[in-house]
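Let me put the structure up, and then I'll talk through some aromatic rings and their neighbours.

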Amino acid sequence: MSTYTLSRGIQRAGRTAYKQGHKPGENPWSLSRMVALLVLAFLAATWLVPFAWAVLTSLKSEADAGASTLSLSPPDGFGFDAYRKVLSAGELPLWAWNSLLTSAAITLVTVATSALAGYAFSRVAFRGRRWLYGAIIAAIIIPPQLLIVPLFRQMLAFDLVDTYWGIILPQAFAPAMVLILKRFFDQIPVELEDAARVDGAHRLRVFWSIVLPLSRPILAAVAIFVFIGAWNNFLWPFIVTTDADLMTLPVGLQTVKSAYGLQYAQNMASAILAALPLVVVFLFFQRQIIKGIATTGFGGQ
């Protein structure tokens with residue numbers, strides 16, 4: 001049996017294993033399930049109420065948004081004046097492109113390095129493995145804020161301040177993702193890889209043709225979570241960039257808000273514009289996120 005045939009068989013088995021469904025004889029409307037649905041509905045409402053309030057505030061005039069009384073029917077009505085002012089006041093398309101470019105690069109590099117490192121920790125017995133694994137865990141424990149000063153000095157030494165690489169490289173390593181992927185790789189039967197090696201496949205071919213196809217749900221979940229974190233990151237891009245043409249969306253919108261002062265409608269419009277791409281990403285990839293949570297360590301299983 002060739003490695004390609006074995007790989008295709010594993011992919012079909014993986015897709016079958018990830019299909020959702022009720023167990024035979026299970027009551028879909030049991031009391032425990034109903035309680036769980038009610039709790040989830042309450043949590044969803046708890047998240048949606050602030051989001052709805054932000055959307056309504058962004059559609060009000062500044063006078064209505066700053067009024068002391070809360071009104072769902074403002075005297076001046078609803079409109080998009082706050083969005084027009086925010087879009088016309090700054091280089092929003094450029095900032096959005098910078099965020100997309102840096103977030104995509106961070107996601108690509110992080111997923112690639114985390115997958116290779118996780119597989120090495122899961123399958124390869126090399127010298128210093130335990131010490132290096134302990135360093136990975138220690139990197140998770142250390143608050144990222146403590147590393148800002150040494151990272152910034154390194155960027156200065158390599159002349160990477162005010163460059164895309166200065167934004168990307170310090171964010172391109174995620175120790176938590178290494179541990180998550182290692183845990184997933186531990187669950188893949190070693191016999192599948194042994195069969196491929198008997199067929200003549202080397203370790204990298206096994207990783208590419210056997211392990212990665214089975215890991216698509218977790219890789220997609222990791223990629224989405226890394227992308228969201230990179231898109232929302234404000235502190236490091238704010239520190240490492242001073243050029244307005246290199247600012248990411250959160251940093252650029254903050255400069256617009258500072259120029260306007262305290263403008264509630266425009267602040268909410270800026271927040272909605274910054275969050276909108278992430279909402280779109282989740283709507284398109286929610287199935288992969290749920291599968292990744294259900295089949296890996298994200299859900300604490």
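Let's begin with Tyr133, which counts as partly exposed because its relative accessibility is 26%; buried here means under 20% relative accessible area, exposed means over 50%, and partly exposed is in between, with a 1.4 Å probe and protein chains only. Before I go on, this is a predicted model, where local features need pLDDT of at least 70, side-chain atom pairs count only at pLDDT 80 or more, and totals for chains, interfaces and linings use all residues. Residues are numbered from 1 along each chain as its sequence is written, and side-chain values use heavy atoms, with hydrogens and water left out.

Now, the pairing rule: rings of Phe, Tyr and Trp (its six-membered ring) pair if their centres lie within 6.5 Å, and planes under 30 degrees apart are stacked, over 60 edge-to-face, and the rest tilted. That gives 10 aromatic pairs. Take Tyr119 and Phe207: they make a tilted pair, 4.9 Å centre to centre with 50° between the planes. This pair joins distant parts of the chain, since Tyr119 is in helix H5 (residues 92–123) and Phe207 is in helix H11 (residues 203–214), 88 residues apart. By helices I mean DSSP runs of H or I, at least four residues, numbered from the N terminus. Tyr119 is buried at 5% relative accessibility, and Phe207 is buried too, at 6%.

Back to Tyr133, then. Its partner is Phe121, in an edge-to-face pair at 5.4 Å centre to centre and 65° between the planes. Phe121 sits in helix H5 and Tyr133 in helix H6 (residues 129–141), 12 residues apart. Phe121 is buried, at 4% relative accessibility.

There's also a cluster: Tyr119, Phe184, Phe185 and Phe207 group together as one aromatic cluster. Phe184 and Phe185 are among the buried residues of H9, along with others including Met177 and Leu181.

Note on methods. Helix = DSSP H or I, 4+ residues; strand = E, 2+ residues; numbered from the N terminus.
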